[in-house]
Amino acid sequence: MKRKKKDMLFSYAWSAPSLILIALMVVFPILYTGYISLTNMNVYHWFDFSIIGLGNYARALFVLDSGFMTALLATILWTIVNMVIQLVVAFILASLLNTPKLRLRKLYKTILMVPWALPGYVSILIWKTGMFNTQFGLLNQWMEKLGYDPVRWLGSDVSAFICCTVVNLWLALPFMIMIIDGALQSIDRSYYESVTLDGATWLQRTFYITIPTIRPMIAPAVIITVFTTFKQFDVVYLLTQQAGAKTGSNFHTILTYAYENAFITNNYGYSSAISIIIFLLLILFSAKFQIQEVDE
C-alpha cells in the first residue's frame, strides 16, 4: 500500500509542471473569461467595473436586436452548407481519383493539395483582391467583357455568404478529399466485383457498399471539420469585416461577432459572455458526438 501511494505521489510530482502549464494556459483564461462575463467591463468601466450577474447572457440570448442570435443562426447555416458541399464535392473528386487506370493520378492529387499547402490568410486575401475586387477583380473583368456592370461581390449579406463559402471550400476541400481518398483505397475490391456480377448499378454500389464502409473512417475528420467550420473566423473577417477594409456586408459568424464586440466596440463583459456561450456549445456538440460513438 505504501509502495503504491509513493508511486502515485511520484507520478503527480513528474506531472506537476505540465499540469501547472495547462492550468495557466487553458484553465485560467476560461475561468477569467467567465468572471469578466459577469461584469460590465468596457472601455468606460476598465478599472471600476462591477458585477452584473447574468445580464450579459440575458442580453445575448433574449434581446433579439443584440445581433447574437442572428449571428448564431448564420453560423449554423454556414456550418451546414459548408459541410454538405464539402462532403459531396470531396466524395465525387475522390471517386474520380480512384477511377481504374486513371493516368496522372498523382499529379492530380498534388494539384488538389495546393490550396491546403498555402497559408490561409494569403489565399483569402488573394481571393479578396484578385477575384472579388469591385474595380480590378477577375470576376468583374469577365462581367464587363460580357457587357454587364461590375458587381460588389462582398457588398451584401447573401453574396458575401456565397463568396465566403467558396473561399472556405477552396481552403478545406483538400483535407476532406485526402481523407475520403484514403478511405476509398482501403475498400476491398472483391466487394464491388461480387455485386457487379449480380447486376448492381453504380448508385447501388455507392449507397450499399462505399458509403457504409467509409463512414467510420471519415467520421473523425467530419467531426473535426464541423468544429473548425463552426468557429471559423479568418475567412469571414478578412473578406468582409477587416478593420479599414469593410465591404458593407453585415454577415457575421459568432466568432466575428464576439471579436467586434471585444475589439471594435470594446464591450469586454458582453464579448466574454458570448465566448463562454460558444465554449459551452462546442462542449455540448462534442459530448453529443462522443455519446453517438459509444452507442455505435
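Predicted model: local features only at pLDDT ≥ 70, side-chain atom pairs only at ≥ 80, totals over all residues.

Trainee: What does Leu112 touch, leaving out residues up to four places away in sequence?

Mentor: With those neighbours left out, Leu112 touches Leu97, Pro174 and Ile177. As for distances, the C-alpha atoms of Leu112 and Tyr57 are separated by 43 Å, these two residues being 55 residues apart along the chain.

Trainee: What's going on with the backbone at Leu104?

Mentor: Leu104 is not a glycine, and yet it has a positive phi of about 60°. Leu104 sits in the loop between α3 and α4, and at 54% relative accessibility it counts as exposed.

Trainee: Switching to packing, at what angle do α3 and α9 pack?

Mentor: Helix α3, residues 68-97, and helix α9, residues 202-230, pack at an angle of about 140°, and their axes are 11 Å apart. The crossing of α3 and α9 is right-handed.

Trainee: Which residues make that contact between α3 and α9?

Mentor: On the α3 side they include Leu72, Ile76, Trp78, Met83, Leu87 and Phe91, while on the α9 side Thr206, Ile214, Val222, Val226 and Phe230 are among them. Taken by class, the residues of the contact of α3 with α9 are ten nonpolar and eight polar, with no charged residue.

Trainee: And how do α5 and α7 pack?

Mentor: For α5 and α7 the angle is about 145°, and the axes are 11 Å apart, with a crossing that is right-handed. Gly120, Ser123, Ile124 and Trp127 of α5 meet Val166, Val167, Trp170 and Leu171 of α7, and by class the residues of this contact are six nonpolar and two polar, again with no charged residue.

Trainee: Why would you call α10 largely enclosed by the rest of the structure?

Mentor: Seven of the eight residues of α10 are buried, and therefore the helix is largely enclosed by the rest of the structure. The buried residues of α10 are Val235, Val236, Tyr237, Leu238, Leu239, Thr240 and Gln241, and they pack against α3, α5 (120-131), α7 (157-185) and α11.

Trainee: Which residues of α11 are buried, then?

Mentor: In helix α11, residues 254-264, the buried residues are Ile254, Thr256, Tyr257, Ala258, Asn261 and Ala262.

Trainee: What lines the largest cavity?

Mentor: Its lining consists of Tyr237, Gln241, Lys246, His252, Thr256, Tyr259, Glu260 and Ile264. Two or more of the lining residues come from each of α10 (234-241) and α11, and α11 gives the most, with four residues. By class, the lining of the largest cavity has three nonpolar, three polar and two charged residues.

Trainee: What about the second largest pocket, how much space lies in it?

Mentor: The second largest pocket holds about 420 Å³ of space. It is lined by 14 residues, of which Ser95, Asn98, Arg189, Tyr192 and Trp202 are the closest to its centre.

Trainee: Which helices each supply at least two residues of that pocket's lining?

Mentor: α3, α8 (189-197) and α9 each supply at least two residues of the lining of the second largest pocket. That lining divides into seven nonpolar, five polar and two charged residues.

Conventions
Residues numbered from 1 in each chain as written. Heavy atoms only, no water. Axes fitted to C-alpha atoms, helices over the stretch in contact; angles between N-to-C directions. Left-handed = near helix turned anticlockwise from the far one by under 90°. Contact = heavy atoms within 4.5 Å. Nonpolar A, V, L, I, M, F, W, Y, C, P; charged D, E, K, R; others polar. 1 Å grid on protein atoms, 1.4 Å probe; cavity = no way out; pocket = protein on both sides within 12 Å on 5 of 7 lines; lining within 4 Å. Points joined across faces, edges and corners; volume = space filled by probe spheres on them. Buried < 20%, exposed > 50% of the residue type's maximum accessible area, 1.4 Å probe, protein only.
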